[in-house]
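Let's take a walk through this chain together, from its open spaces to a couple of its residues.

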Amino acid sequence: MSNPAHQASPENVQVNMAVQQPQMNLPQGVVVPQGLPPGLAYLGALDEVRIHQHLDVLEVMVGWERNNKYRLCNNQEQQFMYAKEDTDCCTRQFCGPARPFVMDITDNNMQPLIRLDRPFRCQASFMWCCYLQEMDIQSPPGVSIGTIKQMWTPWKPKFEILDSQGQQVFIIDGECCFFCPCTDIMFKVTDPNKNEEIGEIIKHWGGCREILGAVNDFKVTFPVHLDVFKKSLLMGAVFLIDFNYFERNRNQ
């Protein structure tokens with residue numbers, strides 16, 4: 001007989017829909033560091049991650065901002081990680097997309113892998129005097145592996161990604177018309193040390209899902225041989241970009 005204390009809550013049903021971690025087949029030449037949790041080891045074998053925001057029907061019907069949730073999938077749409085925001089109710093309602101938050105990313109077995117920590121910052125990137133957006137990326141939770149910082153520009157999104165030593169490892173450049181509807185929005189990822197483009201973050205147009213549900217879908221690409229923690233930094237950047245430019249405030 002099953003123990004009622006171990007039955008899944010309705011919220012956890014969404015998390016466990018994938019049931020099993022996808023099988024990892026390492027491409028030739030890819031070396032994953034020993035001792036990593038299975039979820040991070042799996043990320044080490046990928047060259048793209050698709051991030052889908054969970055459509056919260058109750059939030060759509062009531063208009064009451066709830067914690068964001070996301071599925072992280074491979075290029076076959078197999079979920080291998082799950083992200084959930086942890087923010088109190090008052091902060092969500094009154095601060096809207098500018099809200100500070102902590103977001104935990106787990107594998108399909110709920111093992112914590114990555115934590116995103118975003119403090120409250122100004123969203124007006126055209127005002128040079130503002131404290132611009134930033135986010136700390138931790139893996140495992142509590143151990144910082146780097147920071148994402150918004151860079152001041154008068155006309156388009158731009159971010160830098162720093163490692164745990166404060167060294168710049170990536171630059172992210174967005175398009176001028178990043179508010180255009182009915183089209184995909186591109187953010188180029190470059191390695192400033194090599195002065196070459198190494199990947200991109202794509203915000204996909206979601207059609208009715210985006211118009212009616214206010215949820216967003218992204219894809220981030222990177223070299224398959226890239227260090228797994230640098231891949232984690234690029235994944236974390238997706239969430240900061242989402243909140244800063246594409247998250248809608250339902251209370252306005």
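A pocket, on a 1 Å grid over the protein atoms alone, is an open set of points with protein on both sides within 12 Å along at least five of seven lines, and its lining residues have an atom within 4 Å of a point. The largest pocket here has 15 lining residues, and those nearest its centre are F179, K203, E210, Y245 and F246. Its volume is about 230 Å³, a volume being the space filled by probe spheres set on the points, which are joined across faces, edges and corners. The lining splits into 9 nonpolar, 2 polar and 4 charged residues (Ala, Val, Leu, Ile, Met, Phe, Trp, Tyr, Cys and Pro count as nonpolar, Asp, Glu, Lys and Arg as charged, and the others, Gly among them, as polar).

A word on what you're looking at: this is a predicted model, where local features need pLDDT of at least 70 and side-chain atom pairs count only at pLDDT 80 or more, while totals for chains, interfaces and linings use all residues. Residues are numbered from 1 along each chain as its sequence is written, and side-chain values use heavy atoms, with hydrogens and water left out.

A cavity is a set of grid points where a 1.4 Å probe fits but cannot get out. The structure has 2 cavities of 30 Å³ or more, and the largest cavity holds about 50 Å³. It is lined by 10 residues, with Q53, H54, D56, E59 and N68 closest to its centre. That lining has 1 nonpolar, 5 polar and 4 charged residues.

Next, zoom in on E85, which sits in strand β3, residues 79-86 (strands are DSSP runs of E, at least two residues, numbered from the N terminus). Is E85 buried or exposed? E85 counts as buried because its relative accessibility is 1%, and the cut-off for buried is under 20% relative accessible area with a 1.4 Å probe, protein chains only. Its side chain makes polar contacts with the side chains of T87 (2.7 Å) and R99 (2.6 Å). A polar contact is a pair of N or O atoms within 3.5 Å; within protein, one must be able to donate a hydrogen and the other to accept it, and residues adjacent in sequence count only if both atoms are side-chain atoms.

Finally, Q138 belongs to strand β6, residues 134-138. Q138 is buried too, at 10% relative accessible area, and its side chain makes a polar contact with that of D136 (3.0 Å).

Notes
Helix = DSSP H or I, 4+ residues; strand = E, 2+ residues; numbered from the N terminus. Buried < 20%, exposed > 50% of the residue type's maximum accessible area, 1.4 Å probe, protein only.
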